[in-house]
Amino acid sequence: MAAVDIDIADAVKDALEAGAFSVAIEPVRSYAEWDDALEDLNTLHVDVVPMQTGPATELETRGEVEYTCEIDIGVRYRFGTSESESSTGRVAVEEVDRLKLLVQEIAEFFMTDRFDDATAGIWQETEIKLGWSRKHLRQMRQFFGFVRLTFLATRAI
């Protein structure tokens, strides 16, 4: 048995794998170091990260505890020179636009409960926490955006 947020993160990853998006994705569950520059160019990274498991919000029933769990889905991509505007050398606007759309699509995908197995967790909220990062784009030529999902999960104690 894994920690409650890990079970939910695995279910989120599986749901993303089964989803259809404008850009092909291969999500992985990780503990991504989002502040670090990606080593590889032109490779899309979609990380599903168990972030926070809040303290038990309440004793649901005798022998059950309810947890609030936050899962982040990060979209990262390091641009090469082929994705630059020839006149300015900056990353082409269209390239950033397609990744911003992907972040939006992921958020929309999780606006409703996407799990057949309610024991994994019950969806509560979806929020685009970062549509794109100016810092990542300027300093690393890297796109970074992420969506935060909040779930409630009940576990036996």
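**Close-up views of a predicted model**

**View 1. The largest nonpolar core.** The largest nonpolar core holds 31 residues, and those with the most contacts inside it are Val12, Leu16, Ile73, Ile106 and Phe110. A nonpolar core is a set of buried Ala, Val, Leu, Ile, Met, Phe, Trp, Tyr and Cys residues joined through side-chain atoms within 4.5 Å. Buried means under 20% relative accessible area, exposed over 50%, and partly exposed in between (1.4 Å probe, protein chains only). Two or more residues of this core come from each of α1 (4-18), β2, β4 (64-78), α2 and β6. The largest share, seven residues, is given by α2. Helices (H or I, at least four residues) and strands (E, at least two) are DSSP runs, numbered from the N terminus.

The model is predicted: local features need pLDDT of at least 70, side-chain atom pairs count only at pLDDT 80 or more, and totals for chains, interfaces and linings use all residues. Residues are numbered from 1 along each chain as its sequence is written, and side-chain values use heavy atoms, with hydrogens and water left out.

**View 2. Aromatic pairs.** The whole structure contains six aromatic pairs. Rings of Phe, Tyr and Trp (its six-membered ring) pair if their centres lie within 6.5 Å; planes under 30 degrees apart count as stacked, over 60 as edge-to-face and the rest as tilted. Trp34 and Phe144 make a tilted pair, 5.1 Å centre to centre with 50° between the planes. This pair joins distant parts of the chain, 110 residues apart: Trp34 is in the loop between β1 (28-29) and β2 (45-53), and Phe144 is in strand β6 (residues 142-156). Trp34 is buried at 11% relative accessible area, and Phe144 is buried at 5%.

View 3. Phe109 and Phe110 pair edge-to-face, 5.0 Å centre to centre and 90° between the planes. Phe109 counts as buried at 16% relative accessibility, as does Phe110 at 1%. Ring pairs link Phe21, Phe109 and Phe110 into a cluster.

**View 4. A charge over a ring.** Arg98 lies over the face of Tyr77, 5.2 Å from the ring centre. A charge sits over a ring if NZ of Lys or CZ of Arg is within 6 Å of the ring centre and within 35 degrees of the ring normal.
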